[in-house]
Amino acid sequence: MDTIQNRIEAFIKLGVFLGQFSQSEVKKKENIPHNELFFDGFKHQLKIAEENNKWFTTDNLLFATQNWSNALSEEKIQQWITNEKLGTNTPQKVAIIMAGNIPLVGFHDFLSVLISGHSVVVKQSSNDKHLLPFLAKYLEYISPDLKGKISFTEDKLSDFDAIIATGSNNTARYFEYYFKGKPNIIRKSRNSVAVLTGNETSEDFENLSTDVFRYFGLGCRSVSKLFVPRNYNFDAFFNGMYQQQEIINNAKYANNYDYNKTVYLMSEFDILENGFLMIKEDASYSSPIATIFYEYYDTIADLKIKISQEKEKIQCVVARDVFENEIAFGQTQHPELWEYADGVNTLAFLSEI
């Protein structure tokens with residue numbers, strides 16, 4: 001029988017399964033359901049995912065699986081759903097159009113739809129198409145009630161009751177027009193920012209380096225912009241970034257670094273760089289790979305107004321003791337289940353369709 005408790009238990013078991021694939025080691029463990037069928041298979045899917053998309057390094061793939069293993073604990077799932085009215089409405093078919101910028105980027109939507117008692121039809125990005133179908137098959141094995149509730153398509157979406165779609169600002173306009181007749185969540189491009197005051201410690205900057213470089217800066221939770229006081233000295237910032245210097249050994253990253261540096265120099269832009277990262281004064285939020293934009297502020301009060309006015313462009317604000325909903329240095333890539341993309345409560349949406 002399909003109950004909320006059965007669905008919770010299925011995802012808890014999936015979390016335990018994923019716990020075998022961590023950054024410290026990939027190791028087959030005892031007493032994990034259907035491990036003989038799925039462990040080697042998922043290990044192979046990770047390999048294929050990396051071959052298919054060179055941004056999906058082994059380290060980044062295992063970081064993602066480890067994060068999801070940590071999130072799918074009974075305690076965290078219960079905390080997430082405790083105030084939501086799940087399963088009170090008639091089950092619907094919910095379509096999800098997923099981005100492909102980081103591994104398993106659409107998993108939260110997938111989880112939300114199924115935990116809410118709906119069925120899901122997924123249209124994946126070609127950049128991230130190997131992991132989720134395999135994990136969906138594992139879910140169907142450990143919870144047969146989910147069979148028939150999960151489907152994947154590469155065709156034009158049809159026959160669905162609601163949709164969650166993520167894309168660029170351009171594709172979002174298309175989504176908004178095309179899906180205006182259906183209940184929907186349409187997500188646009190967002191970036192994350194860090195607010196520096198000059199009081200940061202060396203540890204803060206080392207932690208910030210993971211917010212900047214994890215997933216090569218391709219995630220919406222990756223810090224791509226700094227707000228700094230006037231006449232700010234960037235030495236401490238660059239010192240903190242230095243522990244990520246090995247990133248330049250990745251060929252795709254190095255090619256982007258060289259290309260963007262050439263463009264900046266030919267355009268005679270004023271940049272600072274350290275051999276693997278460039279910073280450039282720019283009012284935009286979305287910086288190219290290997291680049292961080294920065295902007296000066298005069299007072300924190302002024303900056304709070306600016307960030308409030310431009311909140312539609314910002315996913316996370318990283319700071320220490322400055323903003324009410326700030327995220328600590330080093331924590332942007334460890335979101336909790338209840339920290340929703342674009343601040344839109346997916347479970348509340350799914351309980352009302």
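## Basis of the report

Contact means that heavy atoms lie within 4.5 Å of each other. Helices (H or I, at least four residues) and strands (E, at least two) are DSSP runs, numbered from the N terminus.

The structure is a predicted model, in which local features need pLDDT of at least 70 and side-chain atom pairs count only at pLDDT 80 or more, while totals for chains, interfaces and linings use all residues. Residues are numbered from 1 along each chain as its sequence is written, and side-chain values use heavy atoms, with hydrogens and water left out.

## Helix H1 and helix H4

In H1, the residues Ile4, Gln5, Ile8, Phe11 and Ile12 meet Glu74, Ile77, Gln78 and Ile81 of H4. This contact of H1 with H4 comprises 6 nonpolar, 2 polar and 1 charged residues; Ala, Val, Leu, Ile, Met, Phe, Trp, Tyr, Cys and Pro count as nonpolar, Asp, Glu, Lys and Arg as charged, and the others, Gly among them, as polar.

H1 spans residues 4-18 and H4 spans residues 74-81; their axes come within 10 Å and cross at roughly 135 degrees. Axes are lines fitted to C-alpha atoms, for helices over the stretch in contact, and angles run from 0 to 180 degrees between N-to-C directions. H1 and H4 are therefore oblique to each other, since angles under 35 degrees count as roughly parallel, over 145 as roughly antiparallel, 65 to 115 as roughly perpendicular and the rest as oblique. The crossing of H1 with H4 is right-handed; a crossing is right-handed if the near helix is turned clockwise from the far one by less than a right angle, and left-handed if anticlockwise.

## Helix H1 and helix H6

H1 also passes H6 (residues 131-142), where the axes come within 10 Å and cross at roughly 125 degrees. H1 and H6 are therefore oblique to each other, and their crossing is right-handed. On the H1 side the contact involves Ala10, Phe11, Lys13, Leu14, Phe17 and Leu18, and on the H6 side Leu135, Tyr138, Leu139 and Ile142. The residues of this contact of H1 with H6 divide into 9 nonpolar, no polar and 1 charged.

## Salt bridges

Side chains of opposite charge can pair when their charged atoms come close. A salt bridge is a side-chain nitrogen of Lys or Arg within 4 Å of a carboxyl oxygen of Asp or Glu, and the whole structure holds 17 salt bridges. One of them joins Arg214 and Asp59, with the closest N and O atoms 2.9 Å apart. This pair links distant parts of the chain, 155 residues apart: Arg214 is in the loop between helix H8 (202-213) and strand E7 (223-229), and Asp59 is in helix H3 (residues 58-71). Arg214 is buried, with a relative accessible area of 16%, whereas Asp59 is partly exposed at 39%; buried means under 20% relative accessible area, exposed over 50%, and partly exposed in between (1.4 Å probe, protein chains only).

A further salt bridge joins Arg320 and Asp204, whose closest N and O atoms are 2.8 Å apart. Arg320 lies in the loop between E11 and H12 and Asp204 in helix H8, so this pair ties together parts 116 residues apart in sequence. Arg320 counts as partly exposed at 35% relative accessibility, and Asp204 as buried at 9%.
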